[in-house]
Structures are given as C-alpha cells and as structure tokens.
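Let's take a walk through this protein together, one region at a time. Please keep the sequence and the 3D view open as you read.

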Amino acid sequence: MELLGTRFVEFSPRMFVNGKNVAVSAKHMNGLATFKRPLWECNMKRFLGFLLIAQFFFLSGEVLAQGLPAPSYWKNERGSELFIWSASSGTIQGTFTNHAQGFACQGIPYPASGAVGPTGLYFVVTFAQCNSFTRWVAKPNGSQMAASWTLFYVDTHGKPSKLKGADIFKRVW
C-alpha cells in the first residue's frame, strides 16, 4: 500500500504522512485495528539485528586475541573436557566434564562459568552431586592453557577442605 508516495507494511501504531511521524489510533482509522509501519522501519530492525551479530563477532575476536576463542573445545592431560560455548563482555560460559581418575562425579557435564581478563582467565564448576566445586585460574598461550586449580569439598568428618593441583589444557578445536 502507498500513501503519498510512502510504502507501508502492517502493524505499527505510527504512520508517516508527508515525512512527519503521526500517531494513529484505531479511532482515527474508523475503528480499524490494523496499523501501518513504513518499510524503512522494518529494514531498521534488520539493520539493528545485523549490528548485534557484528558486536558478537567483535567481542569473540576480542576474546580470541586474548587466546580463548568461543566456541572452543579443550582437553587436559587427565582426559577432562572443557567446552567454551560463549565468551562475551569478559565472561565465559561452557561445560566441564571430569574424567580424572581418583575423583568422583566423572562423565557428567557440569556448567562452567568465569571471566577473561588481560592477564588470563578463571572459571568455576560446581559438582552438585559431590557437594564440591573447583576453581581454575589459567593463562592461555596459543593452543595450550596452563591452569592451577583448587577443589573445595567437605571431608568425611564434615570439615570444609581443599585440594590444589595443576592442569595443562590443550585445544582440540
């Protein structure tokens, strides 16, 4: 439909008449409940969507420059797996699956979340079934990431305890 040379698409409470933004109500349209939207406003939504996607790639590139691309898949020498599926605005999200012998809660992917900074990153995994959580502090270096970890748990006497160690994660893809 065209009105004074302007093409419109349905469903907007505003119209443009002679280049001016005019509010339109059902009363002004003889009781009709359909509203019109200029075609350029529909294209603006597409443009904004494009900007959001571009921002995602920009932030992903920023994390990539720091050595942690998203998405990416990492494995340590104990066979445990870290899958980073999101890294934006300095935060990371993913899953961690424990395969380390001698530790409980194996083979179950648990949520991993943390942050990336200019000097490295950290991430935390809560192993709900084992009433424990582990914090890794790492420094990516190309396709490897050296990480120290601290496991916090409750021992058999009900006392809070911790165990420390280190891992080397290698990027699989």
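**A guided tour of the fold**

Pro-71 sits in the loop that runs between helix H1 (39-65) and strand E6 (72-76). Helices (H or I, at least four residues) and strands (E, at least two) are DSSP runs, numbered from the N terminus. The peptide bond leading from Ala-70 into Pro-71 is cis, with omega near 0°.

A word on the model before we go on. It is predicted, so local features need pLDDT of at least 70 and side-chain atom pairs count only at pLDDT 80 or more, while totals for chains, interfaces and linings use all residues. Residues are numbered from 1 along each chain as its sequence is written, and side-chain values use heavy atoms, with hydrogens and water left out.

Now step back to the whole chain. It holds 1 helix and 13 strands, and along the sequence they follow the pattern β-β-β-β-β-α-β-β-β-β-β-β-β-β. Of its 173 residues, 33% count as buried; buried means under 20% relative accessible area, exposed over 50%, and partly exposed in between (1.4 Å probe, protein chains only).

Next, look inside. The largest nonpolar core has 23 residues, of which Leu-82, Phe-96, Phe-123, Trp-136 and Phe-169 touch the most other members. Strand E7 (81-88), E8, E9, E10, E11 and strand E12 (144-154) each supply at least two residues of this core. Such a core is a set of buried Ala, Val, Leu, Ile, Met, Phe, Trp, Tyr and Cys residues joined through side-chain atoms within 4.5 Å.

Is Asp-167 buried or exposed? It is buried, with a relative accessible area of 4%. The Asp-167 side chain makes polar contacts with the side chains of Asn-76 (3.3 Å) and Trp-149 (3.5 Å). A polar contact is a pair of N or O atoms within 3.5 Å; within protein, one must be able to donate a hydrogen and the other to accept it, and residues adjacent in sequence count only if both atoms are side-chain atoms.

Cys-105 is buried, with a relative accessible area of 9%, whereas Cys-130 is partly exposed at 26%.

The loop between E10 and E11 also holds Asn-131. Although not a glycine, Asn-131 has a positive phi of about 50°, and it is exposed, with a relative accessible area of 61%. Ser-89, in the loop between E7 and E8, likewise has a positive phi, near 50°, and is exposed at 63%.
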